[in-house]
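Work through the exercises below with the sequence and the coordinates open. Each task is followed by a solution in steps.

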Amino acid sequence: MISREFDLGKERALRVGVVGAGVMGTNHGRVLAGLPGIVLVGIVDPLPDHRDRASELIGCPTFATLDELLDAGVDAVTIAAPTHLHHDVAIACIDRGIHVLVEKPVASTVQEGREIVAAAKRAGVTLMVGHVERFNPAVAAIKQAIEGEDILSIGITRVGPFPPRMSNVGVVIDLAVHDIDLIRWFTESEIIDVQPQLSSAIAEREDIALLQFRTASGVLAHINTNWLTPFKARNVTIATRGKYVQGDLLTRQVTECFGFQPDGSYSMRHLPVGHDEPLRAELIAFVDSVRSGGPAAVTGEEGVASLEIAIKCLESRAVPAAATFRKAPRRAAG
Ligand SMILES: NC(=O)c1ccc[n+]([C@@H]2O[C@H](COP(=O)([O-])OP(=O)(O)OC[C@H]3O[C@@H](n4cnc5c(N)ncnc54)[C@H](O)[C@@H]3O)[C@@H](O)[C@H]2O)c1
């Protein structure tokens, strides 16, 4: 591997490729193409239609195979291929000394995730996991508001309609893993107890999940997630000993209640929230880490820890499908 200092000095642009030209990969390509100090070498996808769409939207080269992209010469890749391919694609890149940002969830299994982490350590490359919600300015404002506070409980709602494309994962791996990461990040503590309730009303996999957690630091947290709500909602509430913080991650409104008085009165204020596009902030953080050699903003280990909790929720699945109780499952709209 060429040394980081020599190869990635500020003098020359960083050559970055994207693997996967689906929904997320096209977004990665669009954002990377607009970042200073970056050359978007191209996007890989086996599907000609997806390559055409990416090259029309972004105006960058496309490749049918990973080898073609790697032969074109890249310092770093972002991986937005389907999750079951993350492991093999990440290892192939890491083994060639290429820095990797891999979309969430880091891999299909904890073992695969650990193998990616170990390979990156061996190769001395940056490995970051795309838990993009951490880069949502509303989430950053919440994190700042609870700094130094004694957190008591966290509630997160992430609901919406059924996704248009049928995926091979349920809401826990697709959606709740975002919030498991947020709970671990907000509390800076590991989840030590999980109490999941899962149900499937439409999909084969769970499409409703009510997940309760306890962290090592004693925080109680719950996630309410489903694909059965006609509109998207993403809300976070955090109770600390001194504050009650509420954030809407979509409208990016964050308020805090504080100054609780014995008579029940309190003060309330809206907190300032930035306007950054989360994916742009995430990719800038990745590039900064590649250039500096400093730790990634979301490490591989953190990605594996969040995946491990999500999988634990699925393993302790105790409740039969909702269809067992209903005469017939609801029909999917999408
Ligand atoms: N961070 C987030 O908020 C977020 C949101 C959505 C998806 N994701 C993650 O991003 C990844 C992709 O999800 P998506 O919704 O974009 O899926 P998608 O199905 O829209 O895109 C996946 C793309 O990968 C391509 N592909 C298949 N095999 C490939 C291969 N061998 N090499 C390169 N490309 C290949 C497919 O043709 C498709 O174009 C998943 O891991 C998903 O969990 C993250």
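**Exercise 1.** In which helix is the place of Ala281? Classify the exposure of Ala281 and list what Ala281 touches.

Solution. The model is a predicted one, in which local features need pLDDT of at least 70, side-chain atom pairs count only at pLDDT 80 or more, and totals for chains, interfaces and linings use all residues. Residues are numbered from 1 along each chain as its sequence is written.

Step 1. Ala281 sits in helix α9; helices here are DSSP runs of H or I with at least four residues, strands are runs of E with at least two, and both are numbered from the N terminus.

Step 2. Ala281 is partly exposed, because it has 19 C-beta neighbours inside 10 Å. The scale is: buried with 20 or more other C-beta atoms within 10 Å of the residue's own, exposed with 12 or fewer, partly exposed in between, with C-beta atoms placed from the backbone.

Step 3. Leaving out residues up to four places away in sequence, Ala281 touches Phe135 and Asp276. Contact requires C-beta atoms, placed from the backbone, to lie within 7 Å.

Step 4. For a separation in space, take Glu149: Ala281 and Glu149 are 132 residues apart in sequence and 26 Å apart from C-alpha to C-alpha.

**Exercise 2.** Describe how helix α2 packs on helix α9.

Solution. Two packed helices are described by the angle between their axes and the distance between the axes.

Step 1. Helix α2 (residues 23-33) and helix α9 (residues 278-292) have axes that come within 10 Å and cross at roughly 70°. Axes are lines fitted to C-alpha atoms, for helices over the stretch in contact, and angles run from 0 to 180 degrees between N-to-C directions.

Step 2. Because of that angle, α2 is roughly perpendicular to α9. The classes are roughly parallel under 35 degrees, roughly antiparallel over 145, roughly perpendicular from 65 to 115, and oblique for the rest.

Step 3. α2 and α9 cross in a right-handed sense: a crossing is right-handed if the near helix is turned clockwise from the far one by less than a right angle, and left-handed if anticlockwise.

Step 4. From α2, Asn27, His28, Val31 and Leu32 take part, and from α9, Leu279, Arg280 and Leu283. By class, the contact of α2 with α9 has 4 nonpolar, 2 polar and 1 charged residues. Nonpolar covers Ala, Val, Leu, Ile, Met, Phe, Trp, Tyr, Cys and Pro; charged covers Asp, Glu, Lys and Arg; the others, Gly among them, are polar.

**Exercise 3.** At what angle do helix α8 and helix α10 pack?

Solution. 

Step 1. Helix α8 (residues 171-187) and helix α10 (residues 300-315) pack at about 125°, their axes being 9 Å apart. α8 is therefore oblique to α10.

Step 2. The crossing of α8 past α10 is right-handed.

Step 3. Among the residues making the contact are Val172, Ile173 and Ala176 of α8 and Cys313 and Leu314 of α10. The contact of α8 with α10 holds 11 nonpolar, 1 polar and 3 charged residues.

**Exercise 4.** Which residues have a positive phi without being glycine, and where is the cis peptide bond?

Solution. 

Step 1. Glu188 has a positive phi of about 50° and lies in the loop between α8 and β8 (191-199). Glu188 counts as exposed, because it has 12 C-beta neighbours inside 10 Å.

Step 2. Arg252 has phi near 60° and is placed in the loop between β12 (243-248) and β13 (253-258). With 15 C-beta neighbours inside 10 Å, Arg252 is partly exposed.

Step 3. The cis peptide bond runs from Lys104 to Pro105, with omega near -10°. Pro105 is in the loop between β5 and α6.

How values were computed. Contact = placed C-beta atoms within 7 Å.
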